[in-house]
Amino acid sequence: MKYKITAAKESLDPSPTLKFFNELSKAEEWISNEVDLRTEPIRMAGVCTNKEIEEEREIERSLITLESIPDESYGPVHEEYNFTDDFGDYKAALDAYNDIDIPMNFLDRKTETLIILIEECGEVIQESCKLIRFPQNDVSKLTKELGDLQCMINLTAQHLGIGTMAIGSQVNKKREKLKEFSSLID
Ligand SMILES: [Mg+2]
């Protein structure tokens, strides 16, 4: 197993830093140091409580993903190498993988995630339309597609570095709006 870190600077960072490690402990150490580095300014400022600093650490930690990659197979879904802005990391990745050939006909993970998300949105739309046209149908097909979509929402958050807290906060905002502009929430 090798270990890959994707460290986004913000939730929609288009070119996150990529790091590759042979040992899990080294990868975890890098993450810990990175979070320390990112939260150093507010720690040094001395105006935040420990709880606030801890919250800030959690936010920064949520922008960094750690995943394991099999040694032998690099898989059909290739990682998103950035050939322009992050050449240093790309070269480090090549060094880490020595002679492994990189297939060039890959979909990067972000694109694959978005495509399947779009597909599932379409399937939810289709089942919703069918329930309007055939109200006698039960909701089992819509239930399945809602589950598929929920799965892709979670994976989109994971692979695009979107904090689940940020999504949750938007859920609350939408509910508030619906109270005003719909009859769905009492
Ligand atoms: Mg589906």
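Predicted model: local features only at pLDDT ≥ 70, side-chain atom pairs only at ≥ 80, totals over all residues.
Figure 1. Helix 1 crosses helix 2 in a right-handed sense. Helix 1 covers residues 24–45 and helix 2 covers residues 50–62. The angle between the packed helices is about 145°, and their axes lie 9 Å apart. On the helix 1 side, the contact is made by Val-35, Arg-38, Thr-39, Ile-42 and Arg-43. Helix 2 contributes Ile-53, Glu-56, Arg-57, Glu-60 and Arg-61. By residue class, this contact of helix 1 with helix 2 holds 3 nonpolar, 1 polar and 6 charged residues.

**Figure 2. Packing of helix 4 against helix 5.** Helix 4 spans residues 109–133, and helix 5 spans residues 140–159. Their packing angle is about 155°, with 9 Å between the axes. Angles over 145 degrees count as roughly antiparallel, so helix 4 and helix 5 are described as roughly antiparallel to each other. The crossing of helix 4 past helix 5 is left-handed.

**Figure 3. Residues at the contact of helix 4 with helix 5.** From helix 4, the residues that meet helix 5 are Arg-109, Lys-110, Thr-113, Ile-116, Leu-117, Glu-120, Cys-121, Glu-123, Val-124, Glu-127, Ser-128 and Leu-131. Their partners in helix 5 are Lys-141, Leu-142, Glu-145, Leu-146, Asp-148, Leu-149, Met-152, Leu-155, Thr-156 and His-159. The residues of this contact comprise 10 nonpolar, 4 polar and 8 charged.

**Figure 4. Helix 5 and the glycine that follows it.** Helix 5 contains 20 residues. From first C-alpha to last, helix 5 reaches 29 Å, close to the 28 Å expected at 1.5 Å a residue. After helix 5 comes Gly-161, which has a positive phi near 65°.

**Figure 5. Glu-67 in strand 3.** Strand 3 runs over residues 64–69 and includes Glu-67. Glu-67 has 14 C-beta neighbours inside 10 Å and therefore counts as partly exposed. Glu-67 and Tyr-3 are separated by 64 residues in sequence, but the distance between their C-alpha atoms is 5.7 Å.

**Figure 6. Whole chain, for orientation of the close-ups.** The protein has 6 helices and 3 strands. In sequence order, these elements give the pattern β-β-α-α-β-α-α-α-α. Of its 186 residues, 8% count as buried. Among contacts in the protein with a separation of 6 or more, 63% come from residues 24 or more positions apart.

Methods
Residues numbered from 1 in each chain as written. Axes fitted to C-alpha atoms, helices over the stretch in contact; angles between N-to-C directions. Helix = DSSP H or I, 4+ residues; strand = E, 2+ residues; numbered from the N terminus. Parallel < 35°, antiparallel > 145°, perpendicular 65-115°, else oblique. Left-handed = near helix turned anticlockwise from the far one by under 90°. Contact = placed C-beta atoms within 7 Å. Nonpolar A, V, L, I, M, F, W, Y, C, P; charged D, E, K, R; others polar. Expected span 1.5 Å × (residues − 1). Buried ≥ 20, exposed ≤ 12 C-beta atoms within 10 Å, placed from the backbone.
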